[in-house]
Amino acid sequence: MTRQMTGARMVVQALKDQGVEVVFGYPGGAVLPIYDEIFQQNDIRHVLVRHEQGAIHMAEGYARSTGKVGVALVTSGPGATNAVTGLTDALLDSIPLVVLSGQVPTFMIGTDGFQEADTVGITRPCTKHNWLVKDTAKLSETIHQAFHVARSGRPGPVLIDIPKDVQFAQSIYTPMEKAKVSHYQPVVKGDIDQITRMVELMETAERPVFYTGGGVVNSGPAASQLLREFVEATGFPITSTLMGLGSYPASGKAWLGMLGMHGLYEANLAMHGCDLMINIGARFDDRITGRIKDFSPHSKKIHVDIDPSSINKVIRVDVPIVGDVGHVLEDALRLWKARGRKVNKAGLAKWWKQIEEWRAVKCLTYKNSDKVIKPQYALERLEALTKGMDRYITTEVGQHQMWAAQFLGFEAPNRWMTSGGLGTMGYGLPASIGVQIAHPESLVINVAGEASWLMNMQEMGTAMQFRAPVKQFILNNERLGMVRQWQELLHGERYSSSWSESLPDFVKLAEAFGCKGIQVSDPKDLDDAIMEMIRYDGPFIFDCRVEKHENCFPMIPSGKPHNEMLLGDADTQGVIGSKGAVLV
Amino acid sequence: MSPLNIKKGSTSHSAYDLRDPNAEVIETHTLAVVVDNESGVLARVIGLFSGRGYNIESLTVAETDHAAHMSRITVVTTGTPQVIEQIKAQLARMVPVHEVHDLTVEGPSVQRELALFKVAGKGEARIEALRLAEIFRAHVVDSTLESFVFEMTGTPEKIDSFAELMRPLGLREIARTGVAALSRGA
Ligand SMILES: Cc1ncc(C[n+]2csc(CCOP(=O)(O)OP(=O)(O)O)c2C)c(N)n1
Ligand SMILES: [Mg+2]
């Protein structure tokens with residue numbers, strides 16, 4: 001059966017065929033025909049955002065918490081340029097998105113028409129791929145292709161720019177099954193010879209460590225399951241990047257905690273001292289490696305990644321394996337079992353003894369207070385009071401983000417959404433709404449800094465309109481805390497523009513949006529207030545007044561190796577005692 | 001004093017490691033990239049090079065299979081071995097890219113470039129230019145009483161040396177196509 005329809009209807013039809021349930025978007029002249037089609041159907045829900053950046057972060061939160069492709073719709077010109085930060089964020093964190101943008105009619109392209117921008121030109125470097133569709137006959141096929149590209153291989157955002165005349169014109173709809181098979185088919189099976197080398201190295205290693213990343217989450221729940229089985233069976237210690245938290249449970253015996261610039265002492269020293277590093281779906285980011293020259297100098301390195309360009313990009317590895325994490329782990333685990341489940345028991349026992357010594361340093365220790373709320377304490381209480389709940393956490397960017405990664409435990413993948421690669425302040429609030437839309441019954445908390453939160457606070461309106469009862473847990477230090485910390489440590493304590501001046505009254509702000517807010521500054525009131533937030537049926541803004549000068553430790557200053565980590569007991573007077581520098 | 005041993009009041013510290021970790025030997029490679037001839041594909045490839053700080057020494061592109069709408073981009077680039085590997089991996093993962101060949105390592109190849117030279121002069125210089133053109137097998141494709149336009153195909157090195165010889169003889173302008181290359185044998 002061939003079906004003739006307008007381009008605008010094709011868009012909606014193709015989204016339905018792709019299983020899309022929600023679109024985050026904002027209308028404008030160049031997408032009115034598509035909005036008209038959305039109005040006339042009930043299968044796809046449209047969430048009206050308050051700023052297009054919000055739409056993209058919501059789609060990211062939706063995608064990251066479900067494993068599906070997130071979809072956003074924006075108008076031409078300013079609508080598209082407002083989407084750029086979100087697209088870049090999704091590109092760096094490998095989040096699958098399909099973004100549809102309106103464009104001036106084809107015959108006006110290049111004339112500086114009203115709300116014309118070179119959207120494919122502007123978004124070329126911040127998408128995995130993009131298309132300008134100039135012919136309605138090609139529109140439906142392009143949309144199907146876009147979904148394929150967004151979710152295949154290393155996932156990422158794609159954009160389709162659709163001129164208004166293409167939306168109005170009629171053509172024949174190409175259903176999903178009839179769409180041309182794309183030549184873009186990334187390899188998912190790893191090379192079996194390399195996997196064999198991997199297993200051989202694992203059998204003899206004395207000081208192995210699993211170093212896992214967002215690739216495990218992206219590969220799907222089965223990959224996390226395989227990883228858990230492999231870790232349990234071998235007894236190897238495991239650490240993860242910020243993006244990979246949850247794929248191995250925080251309560252697991254072998255868990256070392258997060259690694260990297262603000263990672264745990266035991267995790268970073270295990271990376272530095274290991275003789276076998278097994279990188280599963282991580283990319284040797286500079287927040288992880290520190291100084292390249294001194295990065296894990298005595299280890300053989302295995303790297304499993306679906307993106308060949310991630311391999312040998314910054315760190316030379318001994319066993320490169322291009323493939324999907326789930327597929328490679330399955331083969332490796334099967335092979336390791338078939339060869340007799342061998343590990344170097346004596347070596348491992350010694351290695352764990354060493355790791356226990358590092359653990360005994362208790363690097364997350366902080367000086368608590370009964371007068372002022374320490375941010376770490378606030379997160380410890382949040383963790384204690386929400387543990388075991390059906391809980392999703394998003395964050396903004398800054399110290400609070402790192403503390404959240406250190407002090408909250410994640411037992412499952414897809415439960416932790418944070419802006420890792422781009423570090424986008426303003427990500428967390430909209431992302432929390434996207435998560436809540438996907439999981440209406442779950443507890444969704446955005447752990448925020450006051451400065452980041454203000455960047456997209458208009459989205460509280462979206463939360464209210466769409467009854468998304470997101471909890472905004474703001475660790476308010478009245479500082480651009482992370483900036484302040486760097487100025488203290490690296491710029492001679494000159495605090496240039498790192499204050500949050502003229503902050504709004506967050507409780508009144510909550511009232512203005514029509515939801516509830518609370519301000520807490522006494523540690524004694526914290527538990528009750530957190531419980532009130534959890535129980536409240538609706539969006540909630542929690543203004544948690546915390547210590548203003550707390551620093552986030554451990555910290556590996558940029559360009560330093562892992563074993564030159566600062567522990568520092570976070571003295572609040574702006575100067576850190578010299579014993580804070582731990583040189584191993 | 002903070003534990004970084006940076007004196008209060010100092011300004012010389014960057015948050016980033018500014019040294020180039022890849023400072024090794026620089027190699028020149030010729031890459032053949034087979035792509036879908038869709039709009040924007042060239043911008044995509046060039047954007048990759050500029051965005052990631054890779055070098056382009058020469059670049060040619062044209063549709064080579066009209067039925068399948070496929071183009072062949074030949075790019076000559078320089079970099080350390082690690083950078084060259086990165087360039088190939090980055091090209092290969094682009095959606096419209098079908099094949100990436102490194103002609104420099106995949107066995108012997110032929111490389112040709114076409115160039116046009118405008119040389120103006122009179123008397124001895126003019127005669128000398130013509131004589132050299134014959135030796136280099138350059139053709140005269142335009143002439144006036146005071147000028148020649150020579151056409152020459154050859155390796156980039158041959159074109160370079162011809163240009164050097166023409167310079168003192170009145171070389172006015174050069175137009176070069178950039179390198180086209182194929183591997184030798186079947
Ligand atoms: C959009 C954007 N602009 C600037 C920065 C640089 N930056 C990183 S953290 C930070 C301060 C964040 O302050 P806040 O949200 O209050 O978090 P805190 O560090 O105080 O916990 C800044 C300005 C950024 N990451 N993103
Ligand atoms: Mg702050």
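I began at ligand 1 and found that one of its oxygen atoms lies 2.8 Å from a backbone N or O atom of Gly481(A). I note here that the model is predicted.

A polar backbone atom of Arg479(A) is 3.0 Å from an oxygen atom of the ligand. On the nitrogen side, I found a polar backbone atom of Met425(A) 3.4 Å from a nitrogen atom of ligand 1. I next looked up the cover: of the 580 Å² of accessible area that ligand 1 has on its own, the protein covers 76%.

Which elements give two or more residues to the shell around ligand 1? I found α17 (399–407), α19 (450–455) and α21 (481–490), which belong to chain A. The largest share comes from α19(A), with four residues. I counted the shell by class as well, and got seven nonpolar, eight polar and two charged residues. There are 17 residues around ligand 1, and those that come nearest are Gln399(A), His400(A), Gly423(A), Ser452(A) and Gly481(A).

Gly481(A) took me on to α21(A). I wrote down that nine of the 10 residues of this helix are buried. Gly481(A) is one of the buried residues, and so are Met482(A), Arg484(A) and Trp486(A), among others. I asked what the buried residues of α21(A) pack against. They pack against α13 (286–289) and α17 of chain A. After α21(A) comes Gly492(A), and I recorded a positive phi for Gly492(A), near 60 degrees.

My next entry is on Asn279(A), which sits in strand β12 (residues 276–280) of chain A. Is Asn279(A) buried or exposed? Its relative accessible area is 0%, and the cut-off for buried is under 20%, so Asn279(A) is buried. I found a polar atom of the Asn279(A) side chain 3.0 Å from the backbone nitrogen of Ala282(A). Leaving out residues up to four places away in sequence, I listed Tyr211(A), Phe284(A), Ile302(A), His303(A) and Val304(A) as residues that Asn279(A) touches.

Last, I turned to chain B. Ser39(B) is in the loop between β1 (27–36) and α1 (41–51) of that chain. I looked up its relative accessible area, which is 61%. Exposed means over 50%, so Ser39(B) counts as exposed. I also compared the position of Ser39(B) with that of Arg131(B): they are 92 residues apart in sequence, and their C-alpha atoms are 45 Å apart in space.

Key
Residues numbered from 1 in each chain as written. Chains lettered and ligands numbered in written order. Predicted model: local features only at pLDDT ≥ 70, side-chain atom pairs only at ≥ 80, totals over all residues. Heavy atoms only, no water. Buried < 20%, exposed > 50% of the residue type's maximum accessible area, 1.4 Å probe, protein only. Near = heavy atom within 4 Å. Polar contact = N/O pair within 3.5 Å; in protein donor to acceptor, adjacent residues only side chain to side chain. Areas by Shrake-Rupley, 256 points an atom, 1.4 Å probe, with all protein chains shown as cover. Nonpolar A, V, L, I, M, F, W, Y, C, P; charged D, E, K, R; others polar. Contact = heavy atoms within 4.5 Å.
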